[in-house]
Amino acid sequence: MTEATPGLRNARCTTGLLILCVLCGTSTALVQTAGAQNETPHSQATPNEVVLASAGQAKIPVRVREHADPQIVEAATELAEQLSRISGASFRVETITPPATANTPGIVVGLVGDVQDVPFDVTLPAQSGSPDQYLLRTTADGLYLLGTTAEAVQCAVWDLLHRLGYRQYFLTDTWEVVPQTSHLTVAVNVVEQPDFVTRQAPRGAPWSDTQLWNRWRKRNRMNASFSLSTGHAYGGIVRRNRETFEQHPEYFALVDGQRRNGANAKFCISNAGLRELVVADAVRQIKADPQRDSLSVDPSDGGGWCECQACAAMGSVSDRAVTLANETATAINSLGAGEKYVGMYAYNDHSPPPSIEVHPHVVISVATAFIRGGYSVEELVSGWQRQGATLGIRDYHDVFAWSHDLPRKARGGNLDYLTRTVAYFYDHGARFMNSENMDSWGANGLGYWLTPQMLWDVDNTQRVDTLVDDFLDRAFGAARKPMGEFYRLLNRDHDAVRSHQDVVARMYRRLAEARELNEDAAVDARLDDLILYTRYLELYGQYRSADGPPRQQAFEQVWRHAYRMRDRMMLSTVALCDRDRFRDSRVQVPEDPSDWQSSEPFTAAEIAEILSAGIAANEPTVLDFAAKRYSEDLVPASGLGLSPVPPGRYDPRGRGRQQVFTWLAEDQREVRLDVTGGLIAHYRDRGNVRFWLYSPKEATLEAVDEDRSVPPDGQPRQVVLSSPYSGLHRLEWNDGSDMTRVVLPKDLPVTIRSTLEDPMRLSGRWDLYFYVPRGTKVVGGYTDSTRGRLLGGDNQVVFDFGTMPAAGYFSVPVPEGQDRSFWKFSNSRGRRMLMTVPPYLAPSVESLLLPREVVQADR
């Protein structure tokens, strides 16, 4: 496996004699005990079973060394409390003081090496990655929880409780699961170590309930003895050295001829005095706190980098930021205080990989959003790794302005995204994780709980189904089946395009089914949380579809409801009520919102009425057509022999990833494109426009040609892509979400595919044709806009999307004689995804490509 740094290498659970399979899915291994004289090979393979409690009586106490670290004492105390709750017995905490020994019967909690007279040799594997290791081991009359750090001991305690069935799924007490058994036994012999050294994902918004979040993190083994500092740091450096900066304004960046010293000011890093100041500041911080693991020199947020000639000569923005980080890392590691690390993001203007090497004690946390230079996340990971950086990840599991706490919107609730990316980041060398997220436990709670399980043991990305079953069984009991469908809708149903009302309707119905099956008060409390969250979604949909005064009234209802349920932590109430307010200029919150603020608890009758009324008011979508799949083996529609149609239109400008299909005749081997990149001047930092040309005849499936020559400068250029093949080709391009104009030659077909899984990406107004095969009875699909009309084979209006109450599924009967003809979306906006006819659109018959089987059948 790839090493991260000399001091922080890969973290994996130690492999030895496998003795126990547990639901949490962590790797388990036998602690090596070669010097233990009183144990047989059989006892090594089969751990001793020890009785902790029976018939309401604790059989052994919890024992902790005298003068132990306060965190360890706290962990031992919490263990005793939780064992008492599980068994009904009263567990006491005893202090191990001389001449008492650790081999006195008991549950021993402490540091490896601090606890004497352990009845077996403790030989932990050499540390490789996280400094936090622990063992859990039962003997004939005792249980040992020993860790290399206080944080490891805490993780050991909650690991043991997890193995006994305890769970803290979400933040509040409602989502705590405490198993009940009067006869409590355990047999275990394992060593554990986390895969990711730090696991701050999710970590809560800055305004979150810190006490609840800290409790949840601890109970899900997110504690770590190593602390990585990575946040924006330039502002703090200025504040700690304000007098020096006032004397030396030349230390600030030169922007538009002036030295800028505002809140997000950058530095003139080419200035040797500035670099000496930053290094000296770092040295002072380490000397003041020699136990500190790291400090950050991440630049301040936003732009405003220095424009002086000396800085330009240093290279890219990333080169400058890395130069400062490298010098800082060198200085703090020469103090003799142990290995120290410098944290920095790969973010915004300093996200592109540098051209210079990165000091091995600089940890670069690659941001998965706000990327500049036209790079993908994968390219950033590999690029920074090539320059020697120790890697971390800065993810965005939920940003309220992006999701508004809606389901199926944020990464934190997308189980496919989480399982794929956690494994990918680990396999490519990342060992540190932090993520921005909200208090959106209604939408993303399941993903939030799964994330630390996967960060502790990356193999859990392959066991997600088992972990989800654990959640459903323990959190919902007899109601697990409908709640499984509920959470599939929220967290795994991302490929199915559903209207907002359809999602709400289905959520209400699954909750009602769960209510009918359940007789457990604890489960009822969890269902109450989710019913109130679903009501928020219902109110949100009403608000977003309203205009004028009704919009303000509907927003007030959303606000009032969210505030009243704030203690349940299902919603990002602070973001909604005090900060973001949906960024909607058409609604207002009173300067004194006290009239909107109610802390009155929801009654059982109110919640029951919300559920029944929600079902009555929201009907799930029932499709009156059957979707049909077509092949991607496309050929020209001209083979149908149908008459030409008046040309349609579409805006050749687009943002982000785009694709079209085209066709090269036997005597053609080139695609000539007229391209203008950088149509949005504000986004001209996304890098050059990248083009790829693919042919299904290419056995490697790689692009047959590519081009990255067009800069985002607003100037027209020509791109020529070549292919050794004739026939079908797919053309893709990506401009990093800037705006680019791409025009193909008039003699080449241009076809756009639009399916639920891969919808069209057009901007502006458009008029495009599609083909209705022989025998088609219904033209059905999904629209995310109510703009435009549908014209039948006789060029007459057969459907007006403006008559739809909201975006969603549409179904249009095919009049007699209008199959085997071209239909047209006219004066349209947004996206149309076709489900009963070939999902291919073009501005003319000459431009349209269709599945080969359709052309052959209807020729």
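This is a predicted model: local features need pLDDT of at least 70, side-chain atom pairs count only at pLDDT 80 or more; totals for chains, interfaces and linings use all residues.
User: Why are helices H12 and H13 called roughly parallel?

Analyst: Helix H12 (residues 415-427) and helix H13 (residues 441-456) pack at an angle of about 15°, with their axes 10 Å apart. Because angles under 35 degrees count as roughly parallel, H12 is described as roughly parallel to H13. The crossing of the two helices is right-handed.

User: Which residues make the contact between H12 and H13, and how do they divide into nonpolar, polar and charged?

Analyst: H12 contributes Leu415, Leu418, Thr419 and Val422, while H13 contributes Leu446, Gly447, Leu450, Thr451, Met454 and Leu455. Of these residues, seven are nonpolar, three are polar and none is charged.

User: What makes Gln193 count as buried, and which side chain does the side chain of Gln193 meet in a polar contact?

Analyst: Gln193, in the loop between strand S11 (189-192) and strand S12 (198-200), has a relative accessible area of 1%; since buried means under 20%, Gln193 is called buried. Its side chain makes a polar contact with the side chain of Gln133 at 3.2 Å, and a polar atom of the Gln193 side chain lies 2.9 Å from the backbone oxygen of Ser130.

User: Why is Asn795 called partly exposed, whereas His404 is called buried?

Analyst: The relative accessible area of Asn795 is 46%, which falls between the limits of 20% and 50%, so the term partly exposed applies. For His404 the value is 9%, under the 20% limit, and therefore His404 is buried. Phi is positive in both non-glycine residues, near 55° in His404 and about 70° in Asn795.

Notes: Residues are numbered from 1 along each chain as its sequence is written. Side-chain values use heavy atoms; hydrogens and water are left out. Axes are lines fitted to C-alpha atoms, for helices over the stretch in contact, and angles run from 0 to 180 degrees between N-to-C directions. Helices (H or I, at least four residues) and strands (E, at least two) are DSSP runs, numbered from the N terminus. Angles under 35 degrees count as roughly parallel, over 145 as roughly antiparallel, 65 to 115 as roughly perpendicular and the rest as oblique. A crossing is left-handed if the near helix is turned anticlockwise from the far one by less than a right angle, and right-handed if clockwise. Contact means heavy atoms within 4.5 Å. Ala, Val, Leu, Ile, Met, Phe, Trp, Tyr, Cys and Pro count as nonpolar, Asp, Glu, Lys and Arg as charged, and the others, Gly among them, as polar. Buried means under 20% relative accessible area, exposed over 50%, partly exposed in between (1.4 Å probe, protein chains only). A polar contact is a pair of N or O atoms within 3.5 Å; within protein, one must be able to donate a hydrogen and the other to accept it, and residues adjacent in sequence count only if both atoms are side-chain atoms.
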